[in-house]
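User: I would like to learn how to read the secondary structure and packing of a protein model. Please begin with the terms and then turn to the case at hand.

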Amino acid sequence: MKRILLSVFGVLAVALALLTPAFAQTKGKVYYLVPTLLDEFQTGSVSALEMFLKQVGYEMQTLNADNKTDVQQSQMNDVIALKPAAIILAAVDFNALKPSIEAAMAAGIPVVEFDRQITSTPSAFTSVAGTIEIGHVAADVVEGLLTKKYGSVKGKILQVLGDPGDPYTLDIQKGFEEKMAAYPDVKIISLPAMQWEASNAGTIVSDQLLANPDIDLIFNHAAHLSVAAAASLEAAGKKPGDILMLSSNGAPVGLDLIRKGWMQAEVEQPLYAQAAAVAMFMDKIVNHQEIKAGEYDVLGLKSTLTIEAWGPNIKIPGAAITLENVDNPAFWGNMKPPTETIKSVE
């Protein structure tokens with residue numbers, strides 16, 4: 001699996017590098033503290049951020065925490081001492097990294113929260129997918145799938161979360177369950193795959209197939225978890241489509257599972273737009289300039305920037321991917337980076 005991911009990452013990195021203008025001037029170094037490189041969204045985020053930041057004049061260096069909170073805390077301390085232009089953080093644990101964010105901001109180093117929103121302390125900028133909305137879109141998909149199966153919305157759902165230290169998965173759960181609350185004939189079993197480990201998701205699915213053989217649908221909060229879930233289903237003698245399944249980040253492996261029939265839908269995380277938004281505002285972030293609330297066009301997606309208690313927060317919408325639209329090149333899981341060059345917001 002690691003070999004496949006590294007290969008995919010390498011291809012994407014080369015493709016992105018070829019699209020980067022050679023004339024870009026360096027305005028400073030930005031450090032990206034990525035939580036892990038074990039899933040395609042994270043590896044893709046490294047390439048996308050590097051490409052877009054270079055287009056607006058910044059160089060980027062990435063540090064991987066291997067999903068270890070103490071490692072990421074140590075990295076934050078080391079990077080603060082280097083006084084970079086800015087730090088982009090996708091936190092392993094949103095509570096544990098709060099003191100590190102405060103230390104960087106106190107040192108005059110702007111911290112950008114990427115993908116994983118932290119609301120307990122101010123930061124310079126936050127770029128996230130609409131995670132509550134992803135949960136809502138997933139609920140809409142589930143409503144349609146169960147209605148098609150039973151004629152009404154009823155049945156048993158296994159929801160496999162990511163690590164509960166990550167607000168991304170908690171927000172998706174919140175959005176999904178608040179909308180599914182309208183259907184009392186649906187029972188939801190929710191269990192976390194600790195550290196976002198795919199093997200943990202596979203074990204959850206295997207165990208629940210024994211404890212609850214009448215499960216109708218599995219909702220995994222990331223595509224790499226669905227790979228392990230599909231393997232568990234196959235090991236239990238299930239065929240594609242016997243148990244409905246969807247997940248929520250739009251990774252290449254998820255799109256492959258849709259094509260093979262193991263999954264019926266993905267709800268995409270808009271990776272490229274999330275990364276582009278960071279780069280579009282980087283000049284203002286680094287120069288401590290005012291960032292105004294409003295609607296912004298980010299790679300063609302209408303995105304909403306609000307000024308929250310924790311700072312400027314841009315939220316970018318996702319979309320449902322099914323067999324009917326799975327080959328659309330606009331989805332990042334099809335590994336075709338945008339060809340348009342972004343510009344800094346003035």
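Analyst: Two strands pair if DSSP finds at least two bridges between them. Helices (H or I, at least four residues) and strands (E, at least two) are DSSP runs, numbered from the N terminus. This is a predicted model, in which local features need pLDDT of at least 70 and side-chain atom pairs count only at pLDDT 80 or more, while totals for chains, interfaces and linings use all residues. Residues are numbered from 1 along each chain as its sequence is written, and side-chain values use heavy atoms, with hydrogens and water left out.

User: Which residue in β2 is the bridge partner of Y32?

Analyst: In general, strands of a sheet pair through backbone hydrogen bonds, either parallel or antiparallel. Here, Y32 has T62 in β2 as its bridge partner, and V34 stands opposite N64 in β2. Strand β1 (residues 28–34) and strand β2 (residues 58–64) run parallel and are joined by seven bridges.

User: How many bridges join β1 to strand β3?

Analyst: Four bridges join β1 to β3 (residues 86–89), and these strands run parallel. Within this pairing, Y31 stands opposite I87 in β3. Strand β3 in turn pairs with strand β4 (residues 111–114) in the parallel sense, over three bridges, with I88 opposite V112 in β4.

User: In what order do the eight strands of the open sheet lie?

Analyst: The order is β2-β1-β3-β4-β5-β13-β12-β11, and the pairing is mixed. The edges are β2 and β11 (294–298); each has a single partner strand, so one side of each is left without a neighbour in the sheet. Neighbouring strands of this sheet are turned by 20° against each other on average, direction ignored. Axes are lines fitted to C-alpha atoms, for helices over the stretch in contact, and angles run from 0 to 180 degrees between N-to-C directions.

User: What handedness has the β-α-β unit made by β1, helix α2 and β2?

Analyst: A crossover is right-handed if, with the strands pointing away from the viewer, the path from the first strand over the helix to the second runs clockwise. The unit of β1, α2 (residues 40–55) and β2 is right-handed.

User: Is helix α10 mostly covered or mostly exposed?

Analyst: Buried means under 20% relative accessible area, exposed over 50%, and partly exposed in between (1.4 Å probe, protein chains only). Helix α10 (residues 271–280) is mostly covered, with ten of its ten residues buried; among them are L271, Y272, Q274 and M280. Strand β1 is also mostly covered, since six of its seven residues are buried.

User: At what angle does α4 run to β4?

Analyst: The angle is about 145°, and α4 lies across β3 and β4. Such contact means heavy atoms within 4.5 Å. Helix α10 also packs on the sheet, touching β3, β4, β5 (125–129), β11, β12 (301–308) and β13 (311–316), and its direction makes about 165° with that of β5.

User: Which strands form the open sheet of six?

Analyst: Its order is β7-β6-β8-β9-β10-β14, with mixed pairing. The edge strands β7 (186–192) and β14 (320–321) each pair on one side only. Strand β6 (residues 155–161) pairs with strand β8 (residues 217–220) in the parallel sense over four bridges, and V160 has N220 in β8 as its bridge partner. Helix α6 (residues 167–180) lies across β6, β7 and β8, running at about 165° to β6.

User: Which residues does E340 touch, not counting residues up to four places away in sequence?

Analyst: E340 touches Q55 and L299 on that count. The place of E340 is in the segment after β14. At 46% relative accessibility, E340 counts as partly exposed. E340 and L299 are 41 residues apart in sequence and 8.0 Å apart in space, C-alpha to C-alpha.
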